[in-house]
Amino acid sequence: MDTELWTIKDVGAYLDENDFKQYRKLFCEENKIDGRVFLSLTENDLKQAPLQILPFGDLRRLCFLIENLREEKRNRDQKTSDSPFKQTYSTFNNYIQSEQSSTRSGLSSPSGGISITDSDDDSFQIRKKLKLDRRKFALSVLYIFCSHFFSGFAVTYAQEHLPDKKKYPPLPDIILDNLPFIPWAYRVTEGAIFFLIIIGLIMLFFHKYRFLVIQRIMIIAATIYLLRSFCVMSTAIPMPQKEYNCNRIEVKDGWERLSRVVRFYAAIGLKSNGIKTCGDYVFSGHTVIMTLLVLSINEYTPRSMICLHTLNWIVGIFGVFFILLGHGHYTLDILLAFFISSKLFSYHHTIAINMSLISRDTHRMKKCFPVLYYFEQDTDGHIPNEYEWPLPKVKKVESFYSDVKFSFGSYFSSKSKQDV
């Protein structure tokens, strides 16, 4: 429903939903404020009689809330440019801009929380200044470490319950049945993974918001691998090829199982690091890694780098093809891994970018996407691709060196004078 068409009751319900119940009587019963009037309120209106919002924090939060509604309305009007309300809203928005011209500086947050800037279409746009929450970053690191450890346990469990190769031959696979088996193919796949990791590390090194990017990627990867662990443990599938020498393992006790999990954990699950696993099928872990690396690099590098983005996709597809040549996974494993990884990546970013617009349905967000909501609720969603040199600049180093040299020179000169 259009915000301008809200009734007085709708305004009251909106205040209740956003923890402003104490002002419902003031806005709705005493001053009869409907949607159109609510959108037109300025900071001076909220300060002065008859509203007189006295707590400074409530005043600012109400200002930001009203700006959110204006932003939502502006986005809707951009999508429906042929609407008969377009011209009316343009006039209304110009009125709001003229009213706030004297108080725009007061709506910006001196603490670095939110700043309001003018966009190209002369309408207000809210931009939250991105700031890393160290507690959430630490929790995201703990989340991915726990997820990876549980993944190692799931792989060990799957190999303990691996179906007998003599009783359960490989399942029919149209593509694998027509591709030759190449024993060294997994080395090419993991070489492609290391190449993408290097590109990703270079991107993170120069990205201004590198830790926010790392946090978001860790959350997505941890969620996918947690799902993969449950799938691997719940379904035992025969090996996709007979030539691979891998049999069911017998674990004597919990300590031996734990030692295998730790070895898998330390080697990051890669065969080039000396890990030999089988039974961890259902969907391919190598495909998950390559898909997330390709999507992350392409997302957090400029769109103008078409050559780099194309190269990433070529390397990723090349690595996936060699998984098939090594008969390490069924074709279905790879398709499922790519579909789940790409969709979860796109869903996470889409919801996170639009988190600031989802203000009426936070309960559903908490229920359906608890992890995403917890980590993204206080962010602006969109992480701009801005870059910087993270190390001290050369001039600063030279200045520091000259200052230190001058200090030592002054010290020794004064010392020599005293001795004389």
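Is cysteine 368 buried, partly exposed or exposed at 47% relative accessibility? Cysteine 368 counts as partly exposed, because its value of 47% lies between the cut-offs of 20% and 50%. Cysteine 28, in contrast, counts as buried, with a relative accessibility of 7%. The model described here is predicted. A search of the whole structure finds 0 disulfides.

Helix α1 covers residues 8-17, and its buried residues are Val11, Gly12, Tyr14 and Leu15. These residues lie on the same side of α1, because they cover an arc of only 160 degrees around the axis. Just after α1, aspartate 19 has a positive phi of about 65 degrees.

Tyr14 also belongs to an aromatic cluster, which it forms with Trp6, Phe27 and Phe38. In total, the count comes to 15 aromatic pairs. One of them joins phenylalanine 27 and phenylalanine 38; the ring centres are 6.1 Å apart and the planes stand at 65 degrees, so the pair is edge-to-face. Phenylalanine 27 lies in helix α2 (residues 24-30) and phenylalanine 38 in helix α3 (residues 35-40), so the contact ties together parts that are 11 residues apart in sequence. Both phenylalanine 27 and phenylalanine 38 are buried.

A further edge-to-face pair is formed by phenylalanine 137 and phenylalanine 211, at 5.7 Å centre to centre and with 90 degrees between the planes. This pair links distant parts of the chain, since phenylalanine 137 is in helix α8 (residues 134-160) and phenylalanine 211 is in helix α10 (residues 210-234), 74 residues apart. Phenylalanine 137 is buried, with a relative accessible area of 19%, whereas phenylalanine 211 counts as partly exposed at 42%.

An aromatic ring also meets a charged residue: lysine 136 lies over the face of tyrosine 374, at 5.0 Å from the ring centre.

## Salt bridges

The count comes to 8 salt bridges. The table presents three of these pairs.

| Salt bridge | Closest N to O distance |
|---|---|
| Arginine 60 and glutamate 43 | 3.9 Å |
| Arginine 70 and glutamate 67 | 2.5 Å |

Arginine 60, in helix α5 (residues 56-79), and glutamate 43, in helix α4 (residues 43-47), are 17 residues apart, and their pair links distant parts of the chain. Both arginine 60 and glutamate 43 are buried.

Arginine 70 and glutamate 67 both lie in helix α5, 3 residues apart, which is about one turn of the helix. An α-helix has 3.6 residues a turn, so residues three or four places apart point the same way. Arginine 70 is buried with a relative accessible area of 5%, and glutamate 67 is buried with 2%.

Glutamate 388 is in the loop between α16 (370-376) and α17 (394-419), while arginine 210 is in helix α10, 178 residues apart. Glutamate 388 counts as partly exposed at 33% relative accessibility, and arginine 210 counts as buried at 16%. Elsewhere, salt bridges that share partners join Glu43, Lys47 and Arg60 into one network.

## Annotated regions

The unreviewed UniProt entry places the feature "transmembrane region" at several spans, among them residues 137-158 and 184-206. Residues 137-158 are 100% helix and 0% strand, with the end C-alpha atoms 31 Å apart. Residues 184-206 are 96% helix and 0% strand, and their end C-alpha atoms lie 35 Å apart.

Notes:
Residues are numbered from 1 along each chain as its sequence is written. This is a predicted model: local features need pLDDT of at least 70, side-chain atom pairs count only at pLDDT 80 or more; totals for chains, interfaces and linings use all residues. Side-chain values use heavy atoms; hydrogens and water are left out. Buried means under 20% relative accessible area, exposed over 50%, partly exposed in between (1.4 Å probe, protein chains only). Helices (H or I, at least four residues) and strands (E, at least two) are DSSP runs, numbered from the N terminus. The arc is that of the directions from the helix axis to the C-beta atoms. UniProt positions are given in the numbering used here, feature names are shortened, and annotations may be inferred rather than shown by experiment. Rings of Phe, Tyr and Trp (its six-membered ring) pair if their centres lie within 6.5 Å; planes under 30 degrees apart count as stacked, over 60 as edge-to-face and the rest as tilted. A charge sits over a ring if NZ of Lys or CZ of Arg is within 6 Å of the ring centre and within 35 degrees of the ring normal. A disulfide is a pair of cysteine sulfur atoms within 2.5 Å. A salt bridge is a side-chain nitrogen of Lys or Arg within 4 Å of a carboxyl oxygen of Asp or Glu.
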